[in-house]
Amino acid sequence: MTSSLSEKASLWTPIPSLEEPPWASVTRLPIRGSDEPLVPMSLAPPPIKVFPAYAKQGIPGAVPECYVREGVYRRLLAVARSLPAGLQLVVLDGWRPWRVQQYLFDTLYEAIRAHHGEADETELLTRTREFVSVPSRDPQAPSPHLTGGAVDVTLCDADGLQLDMGTLFDEAVPASHTAALEGQGTHDARLARARDNRRLLFHAMREQGFTNLPSEWWHYDFGDQLWAHYGGHGQALYGPAELDTIESRWRRQL
């Protein structure tokens, strides 16, 4: 095991229970702006693995790569290198096109409405926003994944098999809340392992400056407005980012 994490007693301390983000306040936080480029995580060496989950699932508009800001890239490498021997960090999603954000939001909204026909519009939006941010290209209030600062991650073993986190990635259930397994597992070995896996991921990410969205054990932020809120920073670093494609370069030149 590497000393940076395995020798720290805090590694196994419980994950704190945090309130859901007050989005109205979060989206009012100023954005400094940064010209850091988006870079592909597939260039990263082990112990990073990349599995662009939405492209694999055939989500319309999803790109077959996980892009993040350069500063996020370097921090994710530091996280991976701090893990106990034999474990790897798996990047599932990073920068997300607006079209994908809209699709995910609409799909979850309709699924919730189908199962909770009695819910009014306000409740449906609240339940949906618990797991998917409202799609926004507003330069002053972008969706977190549109900035390249938000990233979805998990852990896997040396054979590439993902560790048990108690729920699946993107599973929109209360048990997916990051701290949901705290206080459980005393008499259930599987829950105890899943709880400890979440703790390992949480503390490894936090040591490199990431903050976590409390409703999703897989979602972490650096530099965006959620990071500014949960990290107690006065401003965000990253606004909306655009993937630098040949098409976008041509548009800038016209």
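F210 is buried, with 3% relative accessibility; buried here means under 20% relative accessible area, exposed over 50% and partly exposed in between, for a 1.4 Å probe and protein chains only. The model is predicted, so local features are taken at pLDDT of at least 70 and side-chain atom pairs at pLDDT 80 or more, whereas totals for chains, interfaces and linings use all residues. Residues are numbered from 1 along each chain as its sequence is written, and side-chain values use heavy atoms, with hydrogens and water left out.

The whole structure holds 5 aromatic pairs. Rings of Phe, Tyr and Trp (for Trp the six-membered ring) pair if their centres lie within 6.5 Å; planes under 30 degrees apart count as stacked, over 60 as edge-to-face and the rest as tilted. The rings of F210 and F222 form an edge-to-face pair, because their planes stand at 65° with the centres 6.1 Å apart. This pair links distant parts of the chain, 12 residues apart. F210 belongs to the loop between α7 (189-207) and β6 (211-212), and F222 to the loop between β7 (219-221) and α8 (225-231). Helices (H or I, at least four residues) and strands (E, at least two) are DSSP runs numbered from the N terminus.

F222 is buried at 8% relative accessibility. Its ring also pairs with that of W227: the centres are 5.0 Å apart and the planes at 50°, so this pair is tilted. W227 is buried too, with a relative accessible area of 7%. Elsewhere, Y54, F169, W217 and W218 make up one aromatic cluster. The ring of W98 has the charged end of R137 over it, 3.9 Å from the ring centre. The criterion for a charge over a ring is NZ of Lys or CZ of Arg within 6 Å of the ring centre and within 35 degrees of the ring normal.

An unreviewed UniProt entry lists H145, D152 and H219 under "binding site". UniProt positions are given in the numbering used here, with feature names shortened, and annotations may be inferred rather than shown by experiment. The three residues span 75 residues in sequence, yet no two of their C-alpha atoms are more than 9.8 Å apart, so they gather at one spot.

D152 lies in strand β5 (residues 150-156). D152 is buried, at 1% relative accessible area. Leaving aside residues up to four places away in sequence, its contacts (heavy atoms within 4.5 Å) include H145 and H219. Y54, F169 and W218 are also among the residues that D152 touches. H219 sits in strand β7 and is buried, with 3% relative accessibility. Beyond four places in sequence, H219 touches residues including H145, D152, T211 and L226.

A cavity is a set of points on a 1 Å grid, over the protein atoms alone, where a 1.4 Å probe fits but cannot get out; lining residues have an atom within 4 Å of a point. The largest cavity has about 70 Å³ of space. Of its 14 lining residues, Y54, A62, V63, D93 and W95 are the closest to the centre. Elements giving two or more residues to this lining are α3 (53-56) and β4 (88-93). α3 gives the most, with 3 residues.

The chain as a whole comprises 9 helices and 7 strands. Of its 254 residues, 48% are buried. Among contacts between residues at least 6 apart in sequence, 74% join residues at least 24 apart.

Technical notes
On a 1 Å grid over the protein atoms alone, a cavity is a set of points where a 1.4 Å probe fits but cannot get out, and a pocket is an open set with protein on both sides within 12 Å along at least five of seven lines; lining residues have an atom within 4 Å of a point. Grid points are joined across faces, edges and corners, and a volume is the space filled by probe spheres set on the points.
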